[in-house]
Amino acid sequence: MEIEQLLEKASAFIKEHDLKRIREAYEFAEQAHSGQVRKSGEPYILHPLAVADILVNMQMDSTSIIAALLHDVVEDTTVSLEIVNEKFGKTCAMLVDGLTKLEKIKFKSKEEHQNENYRKMFVAMAQDIRVILIKLADRLHNMRTLKFQSEEAQRRIADETLEIFCPIANRLGISAIKWEMEDIALRYLNPQQYYRIVNLMQKKRVEREQYIEDVITNVSDKLSEMGIEPDISGRPKHIYSIYKKMTARNKQFNEIYDLLALRIIVDNIKDCYATLGIIHTLWKPMPGRFKDYIAMPKSNMYQSLHTTVIGPKGEPLEVQIRTVEMHKTSEYGVAAHWAYKEGSVVPSGSFEDKMSWFREILELQNDTEDASEFVESLKMDFFSDLVFVFTPKGEVIELPAGSVPLDFAYRIHTEIGNRTIGAKVNSRIVPLDYRLKTGDIIEILTSKHSYGPSQDWIKLAQSSHARSKIRQWFKKEKREENVVKGKELIERELKRLGIDPPTLMKENELMEAAKKFNFHEIEDMFSAVGFSGITAAQIVTKLTEKMRKEAEEAQQQALQLTNEIKEVKGPAEKKSRPTHGVRVKGVDNLLVRFARCCNPVPGDDIVGYVTRGRGVSVHRDDCTNIPAVDGGEEGNRLIDVEWVDSVEANYNVEIEIAGHDRLGLLNEVLQAVSESKTIISAVSGRSDKNKMAVIHMSILIRNIEHLQSVVEKIKRIRDIYSVQRIMQT
């Protein structure tokens, strides 16, 4: 595609002045993307040119085509949005901005980033439908060139297309784009099934084409006799729809009956119904297969008559009958219904009423703070399967599949929803959790004396629209009650986790949690919990974040210490009990060891005990294991020993720490010891039913002053009652 070809095609419906602006936009984009190439190796400018060509085929306005040519300049080049605004106008800049991803903001995850991009795009789409039309054209061309991506990227993009963009195209009635994207996505997600269906269709292609040609001749002759001049063509079934039918109904290819389809386009609605009558006189209609989408259009404005008949050779034949205008709508949907004047979007006819769900997107954006929740609500309310129900006056209301009478009530009007006391479906009273079915006639029973929604309604309602309105009522009408209730729910959740609420529910901690969830005041957060706008568990998770982090660090530190002890157990014991540092008075080169029962350290008063065959054992002079000096044989084994100042070594000491049990206490003790540059060789602890914690710790210290310093640091910790040195008996 060259720019000259694009301009020639566009000249059929765009004025000369606007064609010049399109050329200017192309030249600007070409210069901005100069030197850039796509993964295919082609110059990057070919991509926006291809996107613009798709919009020209849809006969979109000049501003849309210009925005398509410029849609990547802000995101991928040094061009700013201000420059686009200055050169091509405010509307064009707004469209480009709606198509530009959020790249400069840091997000916690790729999923959060993508959801924020979707949110930005959908909000821009609700303000101007052309944003999403350009985006669909952009995605279609990206799908056409998907072969140049990595296998992982192919699957990710194909998945995203089926989940987000195909439902959007369907909702907007743009079947030409929807079908092509679905088929390409299937090719990369399930190539085996895709090529299998293609081969099966190819085998019967000649036979099928001859069959359709004979049918077209037959129908044309009959319609000509009635003075109707139709445009008749065979409609190939797209591959993805065949695949869906095979998987959903667990059928083989040869069991799919509507592979053959006839499309008949006539001049007016009267001719549509006349043609239907002729088709039914030619062949016998199949029961339950007639659908009148002219009298009852689909939510995406699709109109047509559908019927399936037993055609020649006894094979089922699907027939679609519509006018030229209806066919244009079926191919390009919303794009066929908008007029553009001086850069502003003007709805034609009753189109604005049919597309009222755009306004609901903006309401949804205002009611949901979290981008992930916003996208999930969109999927549920706007991209899911639908049911079509009637008001008592015969108006058609579309709702997400699975909706209940409450969803219907709030869709009619918020006040009707708030005053609901019951519902009738097809003149019979039904419970509020009744699942609506297509064709149901709904009557909502209301009362002026109603007390308003129940908290259970939030779980009962299936649409995010209804849930949002219910939450708004609780937020506005029962704020004080919700504040009290929300606070109680948070306290209850803390107690369930074994945490004393006052320790965490302090003003600074609560304010920090409130800001995390975008509340300006603590009471706003309590109120939101009270009316189920957010759960108590979410708030508590934020409040306990620091505590959990401390506990994890303490656990990790204890594990690390355990591993270190295992690795250096032998050497550590030798290091903690040196043969030097103590001298027997008057004697040199005697084997000396330190008693494990009392672990003497430099500065302690010590005494030596001559063992049998193991040298001199050094004890603290108050050690209970020293034999009494009574002049007997054991007493004669006691000798004088003294510390040698010049030797530097580490000595093992056992201490016991007692305090009030609370989350983070062990971590604070470990932190205090670590800050004093003291090695911990072992640690253990226990807690009793009275919340008394006892921590046993073995530490390596240099002398009595070092030990005293460590003890003082531990004593300064909140909730520590005592620290004492212990001896083993």
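Keep in mind that the model is predicted.

Let's start on the inside. In soluble globular proteins, nonpolar side chains tend to be buried together. Here, the largest nonpolar core has 60 residues, and the members that touch the most others are Ile22, Leu70, Leu136 and Met181. Which helix gives the most to this core? That's helix α9 (residues 130–144), with eight residues.

Now zoom in on Ile22. Leaving aside residues up to four places away in sequence, Ile22 touches Leu6, Leu7, Ile14, Ser62, Ile65, Ile66 and Leu69. There is also a second, separate core of 47 residues, and among its members are Leu504, Phe519, Phe526 and Ile539.

**The aromatic pairs**

Next up are the rings. A pair of aromatic rings is described by the distance of the centres and the angle of the planes. How many aromatic pairs turn up in a search of the whole structure? The search finds seven. Here are two of them:

| Pair | Centre to centre | Angle between planes | Type |
|---|---|---|---|
| Tyr194 and Tyr195 | 5.0 Å | 90 degrees | edge-to-face |
| Phe594 and Tyr651 | 5.6 Å | 80 degrees | edge-to-face |

Why does the pair of Phe594 and Tyr651 count as edge-to-face? Because its planes sit at 80 degrees, and the cut-off for that label is over 60.

This pair links distant parts of the chain: Phe594 belongs to strand β15 (residues 592–594) and Tyr651 to strand β20 (residues 651–660), 57 residues apart. Phe594 has a relative accessible area of 3%, so it counts as buried, and Tyr651, at 2%, is buried too. Ring pairs also bring in Trp643, making a cluster of Phe594, Trp643 and Tyr651.

What about the tyrosine pair? Tyr194 is buried, with 10% relative accessibility, while Tyr195 is partly exposed at 43%.

**Two positive phi angles**

Finally, a look at the backbone. Most residues other than glycine have a negative phi. Gln59 has a positive one, near 60 degrees. Where is Gln59 found? In the loop between α3 (46–57) and α4 (62–70). Its relative accessibility is 47%, so Gln59 counts as partly exposed.

Asp719 isn't a glycine either, yet its phi is positive, at about 75 degrees. This residue lies in the loop between α32 (704–715) and β23 (720–725). Is Asp719 buried or partly exposed? With 22% relative accessibility, Asp719 counts as partly exposed, because buried means under 20%.

Notes. Residues numbered from 1 in each chain as written. Predicted model: local features only at pLDDT ≥ 70, side-chain atom pairs only at ≥ 80, totals over all residues. Heavy atoms only, no water. Helix = DSSP H or I, 4+ residues; strand = E, 2+ residues; numbered from the N terminus. Buried < 20%, exposed > 50% of the residue type's maximum accessible area, 1.4 Å probe, protein only. Phe/Tyr/Trp six-rings, centres within 6.5 Å; stacked < 30°, edge-to-face > 60°. Core = buried A, V, L, I, M, F, W, Y, C linked by side-chain atoms within 4.5 Å. Contact = heavy atoms within 4.5 Å.
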